[in-house]
Amino acid sequence: MEKAWWKESVVYQIYPRSFCDSNGDGIGDLNGITEKLEYLKELGIDVIWLSPVYQSPNDDNGYDISDYRKIMPEFGTMADYDRMLQKAHELGIKIMMDLVVNHTSDEHPWFVESRKSKENAYRDYYIWRDGKEGKEPNNWGGCFGGSAWKYDEGTDQYYLHLFSEKQPDLNWDNPRVRKEVFDMMIWWCEKGIDGLRMDVISLISKTPGLPDGTVGKSGYGDFGPYCANGPKVHEYLQEMNREVLSRYDLITVGECSGVTVEEAKKYASLSGKELNMVFQFEHMDLDGGESFKWNHKKIPLTGLKQIMSKWQRELAGKAWNSLYWCNHDQPRMLSRMGNDSPKYREISAKMLGTCLHMLQGTPYIYQGEELGMTNYPFTSLEEFRDIESINAYHELTEKGVVTPEEMFDYISYKGRDNARTPMQWDDSPQAGFTAGTPWIPVNPNYREINAKEQMERADSVFYYYKKLIRLRKEYKIIVYGDYELLLPDSEELYVYLRGYQGEKLLTICNFTEKEITYRLPEELFGLAGEVLVSNYGRELLDKKILLKPYEAIAVLY
Ligand code: TEU
Ligand code: CA
């Protein structure tokens with residue numbers, strides 16, 4: 001397989017609002033990130049994916065952009081940005097920017113113009129339609145509740161917004177829109193950025209006619225089949241690749257809700273006509289249900305293994321995988337598939353890290369994951385900030401679909417704010433995140449869980465992650481080896497075997513707090529194995545071993 005730096009990299013995601021506040025206003029900022037670059041250097045990551053830092057009214061925390069070429073004043077200035085970029089580069093760290101171009105903010109000048117009149121030169125930058133018999137143009141619901149259409153009195157038409165009503169969808173079928181987006185991308189590339197993470201890029205091409213979707217529990221139709229992997233998405237991404245991406249040496253990942261392996265083979269084909277890789281959602285959606293993700297179910301391990309294995313196997317030699325357990329849209333994986341009680345928190349965090357980092361693909365670490373940060377212990381609705389959780393709470397309880405008690409439990413368990421509480425730097429007030437009042441409460445467990453404590457202790461989650469990252473640099477089998485799932489039916493163990501140029505790498509992860517006997521596969525009998533990493537400090541692996549709670553071990557043969 002052809003080697004590439006982005007296949008060998010480890011990416012670290014920063015959610016700027018919650019990373020580090022340098023000026024005491026309670027909001028993380030660019031100078032805060034610059035201060036912490038040495039910390040990331042110590043961890044050993046190669047690339048930072050920076051969630052949006054552009055000018056935005058913050059209806060969806062920066063995923064609603066009103067000026068793509070300006071920095072949000074709360075985050076600093078363009079000079080601060082340039083300093084951050086320069087220092088990152090001096091330390092050998094690359095910067096991947098978030099590209100949010102399925103939609104803009106309704107405060108973006110294009111939309112301000114567009115809504116002025118039907119004749120306006122920018123009208124066709126967005127998706128406007130007449131109502132049908134006094135109602136919305138079709139039955140689609142938006143991701144953040146309600147209809148996906150908003151009526152605009154001025155021109156007596158509706159505009160489409162798959163997310164909040166302050167996030168109108170751009171009309172990618174308009175060549176002028178594509179040209180504007182590509183020009184803006186070139187502007188950032190010329191600044192020297194190293195990569196792009198593309199927000200819901202799978203949704204940019206809508207099926208003509210915008211047919212009604214199947215109605216779900218919310219009472220609205222599902223836009224998925226008519227927006228995800230739409231008819232022209234590959235054509236547009238190939239155009240983007242020709243016009244922009246191919247001219248620079250970038251790492252690119254498309255966030256592709258609704259993506260299947262078949263589609264991913266096109267988006268992320270090794271032929272390089274579109275993107276390097278995609279973020280798929282299948283493993284994260286395993287605990288979803290009738291009302292979207294709102295429930296308190298657990299991801300079944302057999303299901304997780306089946307999906308991870310499908311992606312490992314099917315993309316092999318054809319396309320490239322991304323690997324993630326966490327991001328700013330997901331609750332903490334440690335509280336979801338690990339065990340966040342004091343007894344097992346660290347050991348299970350290391351197990352989850354091992355399980356992900358020994359797979360094929362480019363791993364993404366979300367801020368705080370390397371410390372074993374957990375979900376937040378919510379006690380009231382006032383502690384939530386996220387538009388998705390708040391809207392869903394009101395919509396589902398008011399419709400009587402879910403009781404308020406149940407819904408509170410669901411958003412506490414699954415809500416995105418679990419990932420967005422401030423990064424825990426030390427045990428001083430507000431976890432050293434801010435000298436002021438943080439925009440969202442700090443998790444009270446910061447006194448035990450924080451970067452300072454982790455860095456003072458050799459057996460911490462931090463140093464374990466550091467080792468996982470280093471192993472990927474040292475052993476090509478981790479990056480390029482093939483993959484075979486063992487024990488597919490075990491609801492307790494995730495075991496897989498990688499192979500590369502005559503070597504074998506066995507990874508064993510116990511996802512339970514039980515002690516479990518494990519027998520080595522016969523093909524490895526008699527071979528001398530070298531333990532690459534073990535969360536219990538095990539130094540060799542016998543033919544038959546008693547795995548400890550949440551034990552993980554990777555052995556090279
Ligand atoms: O997320 C897209 C997306 O699919 C989410 O709506 C996801 O389903 C949800 O967050 C899971 O709870 C991207 C961004 O990552 C997210 O932060 C934005 O809110 C969204 O796009 C709109 O830009
Ligand atoms: Ca600040």
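**Questions on a predicted model**

Reader: What radius of gyration does the protein have, and which value would a compact globule with 557 residues have?
Author: The C-alpha trace spans about 75 × 50 × 50 Å along the principal axes of the protein. A compact globule with 557 residues would have a radius of gyration near 24 Å, and the value for the protein agrees with this because it is 23 Å.

Reader: Which percentage of the 557 residues is buried?
Author: Among contacts with a separation of 6 or more, 71% are between residues 24 or more positions apart. The protein exposes about 20800 Å², of which carbon and sulfur atoms supply 48%. As for the residues themselves, the buried share of the 557 is 62%.

Reader: How far apart are the mean positions of the positive and negative charges of the protein?
Author: The protein carries 66 positive and 88 negative charges.

Reader: Is asparagine 510 buried or exposed?
Author: Asparagine 510 lies in strand β16, which covers residues 503–510, and the residues it touches include Met351, Leu493, Ile516 and Tyr550. Because its relative accessibility is 0%, and the cut-off for this class is under 20%, asparagine 510 counts as buried.

Reader: Which backbone oxygen does the side chain of asparagine 510 reach?
Author: The side chain of asparagine 510 makes a polar contact with the side chain of threonine 512, at 2.9 Å. At 2.8 Å, the side chain of asparagine 510 also reaches a backbone oxygen, that of lysine 514.

Reader: What covers the buried residues of helix α13?
Author: Helix α13 runs over residues 404–414, and its buried residues include Met407, Tyr410, Ile411 and Lys414. An α-helix has 3.6 residues a turn, so residues three or four places apart point the same way. The cover over the buried residues of α13 includes α10 (333–336), α12 (387–398) and α14 (417–420).

Reader: What distance separates the C-alpha atoms of asparagine 391 and serine 164?
Author: Asparagine 391 lies in helix α12 and, because its relative accessible area is 29%, it is partly exposed. Along the chain, asparagine 391 and serine 164 are 227 residues apart, whereas their C-alpha atoms are separated by 9.8 Å.

Definitions and conventions. Residues numbered from 1 in each chain as written. Chains lettered and ligands numbered in written order. Predicted model: local features only at pLDDT ≥ 70, side-chain atom pairs only at ≥ 80, totals over all residues. Heavy atoms only, no water. Helix = DSSP H or I, 4+ residues; strand = E, 2+ residues; numbered from the N terminus. Buried < 20%, exposed > 50% of the residue type's maximum accessible area, 1.4 Å probe, protein only. Polar contact = N/O pair within 3.5 Å; in protein donor to acceptor, adjacent residues only side chain to side chain. Contact = heavy atoms within 4.5 Å. Rg over C-alpha atoms; globule rule 2.2 N^0.38 Å. Areas by Shrake-Rupley, 256 points an atom, 1.4 Å probe, with all protein chains shown as cover. Lys, Arg positive; Asp, Glu negative; His and termini not counted. Charge placed at Lys NZ, Arg CZ, Asp CG, Glu CD.
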